[in-house]
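Student: Hi! I have a new structure to look at. Could you walk me through it?
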Amino acid sequence: VVYTQSEILQREVYLFERLDSPNREPMKHLKAISPPRPTKENVELLVQELRRPKYSVYFIYFSNVISKSDVKALAEADEQEVVAEVQEFYGDYIAVNPHVFSLNILGCCRGRSWDPAQLARTTQGLTALLLSLKKCPMIRYQLSSEPAKRLAECVKQVITKEYELFDFRRTEVPPLLLILDRSDDAITPLLNQWTYQAMVHELLGINNNRIDLSRVPGISKDLREVVLSAENDEFYANNMYLNFAEIGTNIKNLMEDFQRRKPKEQQKLESIADMKAFVENYPQFKKMSGTVSKHVTVVGELSRLVAERNLLEVSEVEQELACQSDHSSALQVLHPRPGSGSLVPSLPWGGSSVSCGVGHWMWNRSSLLGSDGDDSWADGSCPLPAQLVSAVVEYGGKRVRGSDLFGPKDAVAITKQFLKGLKGIENVYTQHQPLLQETLDQLIKGKLKDSQYPYLGPNTLRDRPQDIVVFLIGGATYEEALAVYNLNRSNPGVRIVLGGTTIHNTKR
């Protein structure tokens, strides 16, 4: 995710093996670098490795805190004294964007309570992040969420236990860790997205920067899986937060630039100087060629899926359901008409003033037809299993939420919404703002209520926070990543890092 194999090769690392690979050949002329997570399984694999070492020297860099008993077990196994170094190098999380991280955990809770193993893993990942950023934060959590309080307590316990590791130079304003629960805003992961990175994840899926294009009609063998990384792809870095219309224009410009360079690169090589120039420029040309073919393929597939699934119309309805109090026009579009095809957003359930019964429906994007192909809806029922509806309502319905997701209650917020309505929406597809944006905006201004987001422990922050780590139990989204990116840009001196147990799209 943060280092390509090519970059590692440049560091003179030539062989890549897994600790659990059977039948590895002994290569005593090589040194080994091992960067494992400090799990029992990995420590046991290292113990077995050191009893019968296959390489001359071992440098072991654990990605998190390792217990003294595990270090002792390694020392006892190292009878041939091949271990040169053991270090804790805190990186026990996935760095998705420069301001976003994930733990790649799906299904961290059982109902409304933590899965004990996932609570331990999440605590490890979050404390590793704090150690790598050299932050010893004050902690706030969402009061309406028992998992948020539990995680806050676990992180605090680790900070207390490992106080020497967290003994960083004090800053004038202490950093802040804010722990939130996905169930407070289960709408955001269900909405169609229209910025490049978020669209790719919604329609194709991003897995550790890898995109599976194997199902794209007529795809070439070289493009069945591509990597989209802002670290190594300038076009992606410059366009990941732009909307789809701008991407189309920029792809066209990229193609034109490529076409201008192409003839020049393929001139006749009539002299040594021509050959030298060609050899020097070829790697850049080859890289640009790969970039062009990759992004043209990805954007082409996004366009195909948008058209095939009527996503422009679907998204407009979704946005109206999520952002407007009057749903009458949305209902007219949604109501199934025989032979008319279907527009089917994946939204929503009961909110505040959800009108005309739409709050009792859960929609499936692919088809309005029931399993028997009957589109009459004679019994008035939804074609999706009732269990799914009740499960979603139980997870993120009004009874569970600690905040008012659908409607502002105070006079200032109501006035803002009214003025926004008067000005008109710049883009009908991006009306929705995730709840996280409002929460962080209130936090930056020092207005986030202690009654809803209390501090863990007696101390409170007197000044407005400058370094903020916000963590979403149950997963973050790329729409929220965009909101954090914009907040960082518009608030100089404030640095926000967003994390989640996973990065969601509708499918996840």
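Student: Which backbone oxygen lies 2.8 Å from a polar atom of the Arg140 side chain?
Tutor: That is the backbone oxygen of Tyr453. Keep in mind that this is a predicted model, and the distance is computed from it.

Student: Where does Arg140 sit, then?
Tutor: Arg140 is in strand β8, which covers residues 138-141.

Student: And is Arg140 buried or exposed?
Tutor: Arg140 is buried, because its relative accessible area is 4%, and buried here means under 20%.

Student: What does Arg140 touch?
Tutor: Leaving out residues up to four places away in sequence, its contacts include Leu176, Leu177, Leu178 and Ile179.

Student: Which helix has Leu443 among its buried residues?
Tutor: Helix α14, residues 435-444. Its buried residues are Leu435, Leu436, Thr439, Leu440, Leu443 and Ile444.

Student: Why are those on the same side of α14?
Tutor: They cover an arc of only 165 degrees around the axis, so they end up on the same side of α14. In general, an α-helix has 3.6 residues a turn, so residues three or four places apart point the same way.

Student: What do the buried residues of α14 pack against?
Tutor: They pack against the strands β8, β9 (176-181), β13 (467-473) and β15 (495-500), along with helix α15.

Student: What follows α14?
Tutor: Gly446 does, and its phi is positive, near 75 degrees.

Student: Let's switch to Val484. Where is that one?
Tutor: Val484 is in helix α15, residues 478-490. Val484 is buried, with a relative accessible area of 0%.

Student: What does Val484 touch?
Tutor: Not counting residues up to four places away in sequence, Val484 touches His99, Leu436, Leu440, Ile496 and Leu498. Leu436 and Leu440 are among the buried residues of α14.

Student: How far apart are Val484 and Val100?
Tutor: Their C-alpha atoms are separated by 8.8 Å, although the two residues are 384 residues apart along the chain.

Student: What share of the chain's contacts comes from residues 24 or more positions apart?
Tutor: Such pairs account for 77% of the contacts with a separation of 6 or more.

Student: OK, big picture: how many helices and strands are there?
Tutor: The protein chain has 15 helices and 16 strands. Buried residues make up 43% of its 508 residues.

How values were computed
Residues numbered from 1 in each chain as written. Predicted model: local features only at pLDDT ≥ 70, side-chain atom pairs only at ≥ 80, totals over all residues. Heavy atoms only, no water. Helix = DSSP H or I, 4+ residues; strand = E, 2+ residues; numbered from the N terminus. Buried < 20%, exposed > 50% of the residue type's maximum accessible area, 1.4 Å probe, protein only. Polar contact = N/O pair within 3.5 Å; in protein donor to acceptor, adjacent residues only side chain to side chain. Contact = heavy atoms within 4.5 Å. Arc of directions from axis to C-beta.
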